[in-house]
Amino acid sequence: MLHLGLGSFHRAHQAVYMHQLQQAGDRRWALAGGNIRPDMAETIAALIAQHGAYTLETVTPQGERSYARITSIETVVPYDPALSGLIRIGTDDRTRIISFTVTEAGYYLDAQNRLDLGQAELGADLEALRQGRPGSTLYGALTAILRARKQAGAGPVTLLNCDNLRHNGDRSRSGLLQFIELLGDTGLLDWVQAHTSSPNAMVDRITPRPTPAVRERVKAATWVDDAAALMGESFIQWVIEDRFVAGRPTWESVGVEMVDSVQAHEEAKIRLLNATHSCIAWAGTLAGYTFIHEGTQDPAIRRLAYDYVTDDTIPVLSPSPIDLARYRDVVLERFGNPAIADTNQRVAMDGFSKIPGFVAPTLRERLARGESIASVAMLPALFLAYLQRWHAGQIAYSYQDQAMNPAVAHAICEAADPVAAFCADATLWGGLAGDERLVRALRTAYQRVTLFIKEHQK
């Protein structure tokens with residue numbers, strides 16, 4: 001199994017399941033992995049020096065810590081611009097799964113699942129591939145690997161998306177096929193359609209960016225000075241549609257849920273967890289907090305998150321095979337865990353992807369049913385206030401957003417009517433852009449956010 005993106009989430013999630021499988025005696029599968037961009041250089045160097053092994057610190061909501069040495073990544077591929085190491089492994093017939101984590105914004109898809117060709121990286125990758133180079137986006141990397149695999153006569157391979165993206169297998173596959181079609185490589189397009197599958201999957205585990213304190217605790221507890229150490233919460237979940245064209249590990253033996261459809265799990269995760277996480281991060285930043293648990297423990301912010309789920313989201317997801325009220329309560333318990341020390345900076349990023357992906361579906365469904373959107377409207381109102389503070393240079397940290405055009409975002413904030421300009425943005429709202437019902441609800445919600453900020457400045 002070749003994984004693209006050796007960030008914290010993969011190493012605290014998919015690699016852990018593979019480690020557990022191997023520890024149980026099943027060593028038929030192993031992981032190889034590397035990055036498609038020259039980031040995380042120090043962590044990659046540490047992983048190479050440690051032969052892929054690293055220490056995971058796990059923390060319960062009660063603050064209990066435990067440590068495990070994860071050894072399932074047998075090959076760490078150093079980065080090179082030609083992606084030669086990744087292509088070599090991806091071309092090997094023994095590689096049966098290519099998985100990836102590149103964050104939501106790394107798929108460059110609009111609300112209609114069309115590639116956003118306004119993104120310069122996509123055009124640069126298409127040109128690179130025409131010149132025989134792989135480029136730096138997921139689509140450029142996968143196209144280069146699959147093209148080499150086809151030429152080598154290697155067998156079918158499953159493309160497994162492990163990102164927080166609704167219908168992640170279907171959508172990433174659509175983006176890849178559109179990309180190959182734009183490239184004009186009809187032979188590769190036919191091969192990919194015939195020789196790959198793209199199961200949808202739902203993944204869940206809070207994994208903050210590692211801090212020096214994690215490395216210090218690991219050293220104190222295990223006597224190992226691990227430059228690749230990381231930390232995650234004790235909760236972990238992986239639900240995958242069982243559609244693999246070239247075999248798969250027996251993940252079900254270590255707690256992975258193999259299902260026919262992930263839709264119910266996916267919607268609960270994205271709307272009750274991901275959207276709530278963003279709500280708390282934006283509100284917490286506006287209130288002057290640094291960490292997610294601080295905002296979750298603030299009664300006003302907790303109420304915003306609770307009301308969003310209870311008033312507007314649970315009704316449109318019901319009936320569900322999941323106990324949604326219990327799911328909501330477990331999520332808030334997890335977010336309130338101070339031992340995780342997850343930052344607002346990490347969770348607040350990529351709002352221009354998260355509003356359309358996590359929040360807009362509930363707004364659309366409530367409006368289609370003729371129902372109030374007062375509680376869900378608080379989330380985009382919080383993001384608009386957050387955006388205006390970013391515009392003014394008053395965010396205490398660097399805000400990252402791959403899907404945001406900074407010039408457009410600044411223009412929204414400088415508009416005579418920022419609420420109307422925000423509601424008119426097609427990247428955020430798709431077909432809902434400019435809808436008068438949305439504008440009215442956002443005006444009211446924005447007034448509430450303004451009062452919320454004033455209360456927290458006292």
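How far is the sulfur of Cys423 from the closest cysteine sulfur? The distance is 13 Å, to Cys413, which is too far for a bond. A disulfide here is a pair of cysteine sulfur atoms within 2.5 Å, and a search of the whole structure finds zero of them.

A word on the basis of these values. This is a predicted model, in which local features need pLDDT of at least 70 and side-chain atom pairs count only at pLDDT 80 or more, while totals for chains, interfaces and linings use all residues. Residues are numbered from 1 along each chain as its sequence is written, and side-chain values use heavy atoms, with hydrogens and water left out.

Cys423 is buried, at a relative accessible area of 0%; buried means under 20%, with a 1.4 Å probe and protein chains only. Cys162 is also buried, at 1%.

I turn now to helix packing. Helices are DSSP runs of H or I, at least four residues, numbered from the N terminus. Axes are lines fitted to C-alpha atoms over the stretch in contact, with angles from 0 to 180 degrees between N-to-C directions.

The axes of helix 12 (residues 299-317) and helix 13 (residues 324-335) come within 10 Å and cross at roughly 155°. Helix 12 is therefore roughly antiparallel to helix 13, a term for angles over 145 degrees. Residues in contact, meaning heavy atoms within 4.5 Å, include Tyr306 and Ile314 of helix 12, and Arg328 and Leu332 of helix 13.

Helix 10 (residues 263-286) also packs with helix 13, at an angle of about 35° with the axes 10 Å apart. In this contact, Arg328 and Leu332 are again among the residues of helix 13.

Note on methods. Helices (H or I, at least four residues) and strands (E, at least two) are DSSP runs, numbered from the N terminus. Angles under 35 degrees count as roughly parallel, over 145 as roughly antiparallel, 65 to 115 as roughly perpendicular and the rest as oblique. Buried means under 20% relative accessible area, exposed over 50%, partly exposed in between (1.4 Å probe, protein chains only).
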